[in-house]
Amino acid sequence: MNPKNRIFFIGFIVLSFLGTILTFIFNRDAPPVSALEIPQSTIDFFKKLSDLGHIKIKLVDSLEVDDYDNEKDYADDFKKLEDENFIIFYRDAGQELERAQKTLEYANEAINPLADFFGKYYYAKEAKNRKLPIYLTVSQADFNKVAVNIGGSTVEWAAGLTFNSFSTVGETICNGIILNFMVQDGESTDLKKVVFHEMAHYNHFQCMDLTRTEKKYMDWEVEGIASYFAKDWNKRIPDDKNISNYSIMESPKNYLDSYWIGYHVFSAFEVNYNSNNFHKLIKESYTKSIIDAIPSVSGVSVDSFEKIWRSHCNRQKGQLSASKK
Ligand SMILES: [Zn+2]
């Protein structure tokens, strides 16, 4: 080996050695690609919501590129109306095109208020250029068919359903929002309010920190947030309800009670502790139980807040039934 080759040879050995050392040093601290620790309590809560509620959640090992591809969305023989953020799937019948145009308008209208309310709006397009699909169904049978095709099951009655999938490595997508046939402009199940309610579920589930280990979720938290954001009819407290029989520290026996209970928790909180603190409460609830977030933001115990909530509910109940007469 002549001296020139020897220098190259030694240089090669030294560089290879350095490369091995550097690779070792830099890889040492890289986290292993493995499943997030999603606590069993969270998995159980999602399962319960899927069984009972109006949100369907699938936990999957991983999401594939195809899962984000709108070409792979369930399309049946729907027509499509779309822009950069949404695809509205609608039937070629009656006034459905007009309903689709309004749905697209309301969905876009919800974006800024959702960003204010939750601290951020998660554009579906941020993940692999997806558009958020919204299905307009024209009968209960149609609703059931779409729900089964997208999420594997339907519910007995719902104005709207939101389907989310989470992977154990932290990706999440919304498979679609389905609106039932009676969801129409100006009806008691008002189109704009249902779009706002379902989009609140979509965005809320994007905000949640799934790895949080603290305590349980409350049924009323999920429906309360969506109803309070949409300012929908769920605030109505049925006349026969005795508020002293309910506690915000436990989930109600009847899931339907979680709508008004939650609506008035958030309403009472905002009225008593101002809007800034209300938004703080929403943000804290992503990483801790709402039952812990209430005292940490308001400075009062959950027991004291529950008294505030009870009198707030009783006042609302009086006002709501007085205005009905
Ligand atoms: Zn809901």
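These legends describe close-up views of a predicted model.

Residues are numbered from 1 along each chain as its sequence is written. Because the model is predicted, local features need pLDDT of at least 70 and side-chain atom pairs count only at pLDDT 80 or more, while totals for chains, interfaces and linings use all residues.

View 1. Helices (H or I, at least four residues) and strands (E, at least two) are DSSP runs, numbered from the N terminus. Of the 325 residues in the chain, 35% are buried. A residue is buried if 20 or more other C-beta atoms lie within 10 Å of its own, exposed if 12 or fewer, and partly exposed in between; C-beta atoms are placed from the backbone. Contacts reach along the chain: among those between residues at least 6 apart in sequence, 68% join residues at least 24 apart. Two residues are in contact if their C-beta atoms, placed from the backbone, lie within 7 Å.

**View 2. Six strands make an open sheet.** Their order is β1-β5-β6-β4-β3-β2, and the pairing is mixed. Two strands pair if DSSP finds at least two bridges between them. β1 (55-60) and β2 stand at the edges with a single partner strand each, so one side of each has no neighbour in the sheet. From one strand to the next, the twist averages 20°. Axes are lines fitted to C-alpha atoms, for helices over the stretch in contact, and angles run from 0 to 180 degrees between N-to-C directions.

**View 3. Strand β3 (residues 86-90) is mostly covered.** Five of its five residues are buried. F86, I88 and Y90 lie on one side of β3, with I87 and F89 on the other. Strand β2 (residues 79-82) pairs with β3 in the antiparallel sense, over four bridges. Here K80 stands opposite F89. A hairpin of three residues joins β2 to β3. Strand β4 (residues 132-136) runs parallel to β3, and four bridges join the two. In that pairing, F86 stands opposite L132.

**View 4. Helix α4 (residues 96-118) belongs to a left-handed β-α-β unit with β3 and β4.** A crossover is right-handed if, with the strands pointing away from the viewer, the path from the first strand over the helix to the second runs clockwise. Helix α4 lies across β2, β3 and β4. It runs at about 155° to β3. The loop between α4 and β4 contains N129. N129 has a positive phi of about 60°, although it is not a glycine. Most residues other than glycine have a negative phi. N129 counts as exposed because it has 12 C-beta neighbours inside 10 Å.

**View 5. Strand β6 (residues 172-179) is largely enclosed by the rest of the structure.** Six of its eight residues are buried. Strand β5 (residues 160-167) pairs with β6 in the antiparallel sense over seven bridges. In this pair L161 stands opposite I178. β4 and β6 pair in the parallel sense, over three bridges. There Y135 stands opposite I178.

**View 6. G176 lies in β6.** G176 counts as buried because it has 25 C-beta neighbours inside 10 Å. Leaving out residues up to four places away in sequence, G176 touches D73, P133, I134, Y135, I150 and F163. E198 is 22 residues from G176 along the chain, and their C-alpha atoms are separated by 10.0 Å.

**View 7. Helix α7 (residues 219-230) packs against helix α8 (residues 257-284) at an angle of about 70°.** Their axes are 7 Å apart. That angle makes α7 roughly perpendicular to α8. Angles under 35 degrees count as roughly parallel, over 145 as roughly antiparallel, 65 to 115 as roughly perpendicular and the rest as oblique. The crossing is right-handed. A crossing is left-handed if the near helix is turned anticlockwise from the far one by less than a right angle, and right-handed if clockwise. From α7, the residues in contact include W220, I225 and Y228. Those they meet in α8 include Y259, I261 and F266.

**View 8. N274 lies in helix α8.** Its phi is near 70°, a positive value in a residue other than glycine. N274 is exposed, with 11 other C-beta atoms within 10 Å.
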